[in-house]
Amino acid sequence: MATPIGNLEDISSRAARTLRAAAWIAAEDTRSSRPLLQSLGIGHARCLALHAHNEESQAERVLDRIRGGESVALITDAGTPGISDPGALLVAAAHAAGIIVVPVPGASASTTLLSAAGLPGGRYFFEGFLPTRTRLRQERLQALAASGQAFMLFEAPHRIETLAAELLQALEAEREVVVGRELTKRFEQIVRMPLAALPEWLQADANHCRGEFALLVFAPPVQPESDEAADAAPSVLGLKAMQVLSETMPPRQAAKLAARISGDKADRLYQSTLRDK
């Protein structure tokens, strides 16, 4: 189940009720979860640790408790389990064992930032944390650049300036980026800027490099079509498709479909039909 990513008031009434009712709470770090659980009047003794280093070995013990009739609520330090956090192995094991998995949705840094970013269409690829090794980071950034789509990254404060330099090296400087720092917390910042301005923004104030980061990197801007490209004659494939399709449908409709087939401009294909008459 999801837990607040900073502001404890973001816990849902359903999540609070579920946590109070659970026989056990599997927590990524029982110390980090203590303030939330104490605010809900839940004792620490009902917690067991399930984190990245013991999830594989601990999963079967958790499932045994469930088979024995006890309920277990899975939480991480903040946000939603399985999203750049532990939990996926346990959930997969539960499915394999035929145990019902019930999601309790709530806070997530990715959707929190997305809702405040103004991303046209709202479509993006979630990457999360990049690998820590330089070569693997470069390979992932190259793949993200080649995809041509918007993407979401998480980063720790001690690597944020390095990430800014890596993004500028791998991507178009005119891309936009929305930086979410300390989301939902007291010193929250959400700033939108060209990617080229990110290193300078980080260096402008020491506080800009503190806290946990989520970054939404926009797709590259659409380049205006040159006059030469706009005036290009339709391709042979487009003209042939137009010829065949015009036999069974109106010219405008045929032009739209022929354009999808050939990649030509629908208006150019339509105009070619008028010239042929």
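The protein has twelve helices and eight strands, both being DSSP runs numbered from the N terminus (H or I for helices, at least four residues; E for strands, at least two). It's a predicted model, where local features need pLDDT of at least 70, side-chain atom pairs count only at pLDDT 80 or more, and totals for chains, interfaces and linings use all residues. Residues are numbered from 1 along each chain as its sequence is written, and side-chain values use heavy atoms, with hydrogens and water left out.

Visitor: What radius of gyration does the protein have?
Guide: Start with the box: the C-alpha atoms fill roughly 85 × 50 × 35 Å along the principal axes. A compact globule of 277 residues would come out near 19 Å, by a rule of 2.2 Å times the number of residues to the power 0.38, with the radius taken over C-alpha atoms. The protein itself has 26 Å.

Visitor: How far apart are the centres of domain 2 and domain 3?
Guide: The bounds come from an automatic or database domain assignment. They give domain 1 (8–97), domain 2 (109–217) and domain 3 (227–276). Taken over C-alpha atoms, the centres of domain 2 and domain 3 are separated by 41 Å.

Visitor: How far apart are the centres of the positive and negative side chains?
Guide: Lys and Arg count as positive, Asp and Glu as negative, with His and the chain ends not counted. Each charge is placed at NZ of Lys, CZ of Arg, CG of Asp or CD of Glu. There are 29 positive and 32 negative side chains, and the two centres are separated by 5 Å.

Visitor: Is Leu 245 buried or exposed?
Guide: Leu 245 belongs to helix 10 (residues 236–245). Leaving out residues up to four places away in sequence, it touches Ala 254, Leu 257, Ala 258 and Ile 261, a contact being heavy atoms within 4.5 Å. The cut-offs are under 20% relative accessible area for buried, over 50% for exposed and partly exposed in between (1.4 Å probe, protein chains only). Leu 245 has 15%, so it is buried.

Visitor: How far is Ile 190 from Gly 180, C-alpha to C-alpha?
Guide: Ile 190 is in strand 7 and is partly exposed at 34%. Beyond its neighbours within four places in sequence, its contacts include Val 178, Val 179 and Gly 180. Ile 190 and Gly 180 are ten residues apart along the chain, yet their C-alpha atoms are separated by 4.6 Å.

Visitor: What is the phi of Glu 182?
Guide: Glu 182 is in the loop between strand 6 (176–181) and strand 7 (189–194), and it counts as buried at 16% relative accessibility. Its phi is positive although the residue isn't glycine, with a value near 55°.

Visitor: Which loop holds Ser 84?
Guide: Ser 84 isn't a glycine either, but has a positive phi of about 55°. It is partly exposed, with a relative accessible area of 29%. Its place is the loop between strand 3 (72–75) and helix 4 (88–96).

Visitor: What is the relative accessible area of Pro 120?
Guide: Pro 120 is in the loop between helix 5 (109–115) and strand 4 (125–129). From Pro 120 to Arg 181 it is 61 residues in sequence and 21 Å in space, C-alpha to C-alpha. Pro 120 counts as exposed because its relative accessible area is 65%.
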